[in-house]
Amino acid sequence: MQSPVLGEFMGTMVLVVLGNGVIADVVLKRSKAEGGGWMAISAGWGFAAMAGIFTALACGSRDAHINPAVTLASAVVTHNFSKLGPYLVAQTLGAFVGSALVWLHFLPHWAATPEPVHKLSCFCSHPAIPNKAANLVCELTATALLVFVGACILSRSNIPAGLGPFLIAALVWGLILALAGTTGSSMNPARDLGSRMAHWLLPIAGKGSSDWGYAPISVLGTFGGGLLGALAIRFFLA
């Protein structure tokens, strides 16, 4: 039953289960990992990227983008946009299902956590200091670096077989450590949009607003970052 679309769905789902899951572990009350800190979150997202890529590959996607911004960048570089629509839908649905699984896994902890913003952070990005222009720059920068540096890593012809996902995981870990303190650096439109939809629709105890006013900054910023990364690839690596 393998297929590229299924691979993108499954890979993104695993990415979000582990990535959003580590945030929930750290911020939700009465979790045994409560207060684990930024190192735990950044490492968790790196491992989530690795697991998601391997899952996407195993389930049929040779691309293993698990990120619409990466799919957009690939389309711009190759001039082939045929995968953009199907992958975007699969990735967004995968993020939604992954977020729903996180909600179920931590079910008793939502009511035990009084702060709605902490619950929202388990699903999608939000800024530490709201400033739309600055927040947009943060999302553009982090996503562009993810796309461009990821392409630089994978362009090396001497990388041992199978090592690529581990190196991309290290890149994600480093980017979150370095840049995500401002907005959470979504770097992935599906993770933000699909997860925000899950926050909006699921009966999460005391959840508060889904902050749809910030969603365009995160989604457009990550897509814009993917486009910038693609232009950098064409200029520097072509």
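Good morning, colleagues. The model is a predicted one, in which local features need pLDDT of at least 70 and side-chain atom pairs count only at pLDDT 80 or more, while totals for chains, interfaces and linings use all residues. Residues are numbered from 1 along each chain as its sequence is written, and side-chain values use heavy atoms, with hydrogens and water left out.

I begin with helix H9. Helices here are DSSP runs of H or I with at least four residues, strands are runs of E with at least two, and both are numbered from the N terminus. H9 covers residues 189-201, which is 13 residues. From its first C-alpha to its last it reaches 18 Å, close to the 18 Å expected at 1.5 Å a residue; the expected span is 1.5 Å times one less than the number of residues.

Which residues of H9 are buried? They are Pro189, Ala190, Arg191, Asp192, Gly194, Ser195, Arg196, Ala198 and His199. The term buried stands for under 20% relative accessible area, exposed for over 50%, and partly exposed for what lies in between, with a 1.4 Å probe and protein chains only. The cover over these buried residues includes helix H1 (4-27), helix H2 (38-58), helix H3 (68-78), helix H4 (84-105), helix H6 (116-121) and helix H10 (215-236).

At the start of H9, a side-chain oxygen of Asn188 comes to within 3.0 Å of the backbone nitrogen of Ala190. A polar contact is a pair of N or O atoms within 3.5 Å; within protein, one must be able to donate a hydrogen and the other to accept it, and residues adjacent in sequence count only if both atoms are side-chain atoms.

Arg196 pairs with Asp192, with 3.0 Å between the closest N and O atoms. The two residues are four apart in helix H9, so about one helical turn separates them. Arg196 counts as buried because its relative accessibility is 0%, and Asp192 is likewise buried at 0%.

Ser121 is buried, with 14% relative accessibility. Its side chain reaches the backbone oxygen of His118 at 2.6 Å. Neighbours within four places in sequence aside, Ser121 is in contact (heavy atoms within 4.5 Å) with Ile23, Val27, His126 and Arg191. Arg191 is itself among the buried residues of H9.

The remaining salt bridges come next. Side chains of opposite charge can pair when their charged atoms come close. How many salt bridges does the rule give? The count is three. Asp63 forms one with Lys83, the closest N and O atoms being 2.8 Å apart. This pair links distant parts of the chain, 20 residues apart: Asp63 sits in the loop between H2 and H3, and Lys83 in the loop between H3 and H4. Asp63 is partly exposed at 28%, and Lys83 is partly exposed at 36%. Lys29 and Glu34 also meet through their side chains, at 3.4 Å, N to O. Lys29 is partly exposed at 26%, as is Glu34 at 36%.

I turn now to the aromatic rings. A pair of aromatic rings is described by the distance of the centres and the angle of the planes. Rings of Phe, Tyr and Trp (its six-membered ring) pair if their centres lie within 6.5 Å; planes under 30 degrees apart count as stacked, over 60 as edge-to-face and the rest as tilted. Phe54 lies in helix H2 and Phe166 in helix H8 (residues 164-179), so the pair ties together parts that are 112 residues apart in sequence. Phe54 is partly exposed at 32%, and Phe166 is partly exposed at 42%.

Phe235 and Phe236 form another edge-to-face pair, with 4.8 Å centre to centre and 85° between the planes. Phe235 is exposed at 65%, and Phe236 is exposed at 57%. Ring pairs join Phe148, Phe235 and Phe236 into a cluster.

Finally, His105 belongs to helix H4. Is His105 buried or exposed? With a relative accessible area of 63%, His105 is exposed. Its C-alpha atom is separated by 18 Å from that of Met10, 95 residues apart along the chain.

Notes
A salt bridge is a side-chain nitrogen of Lys or Arg within 4 Å of a carboxyl oxygen of Asp or Glu.
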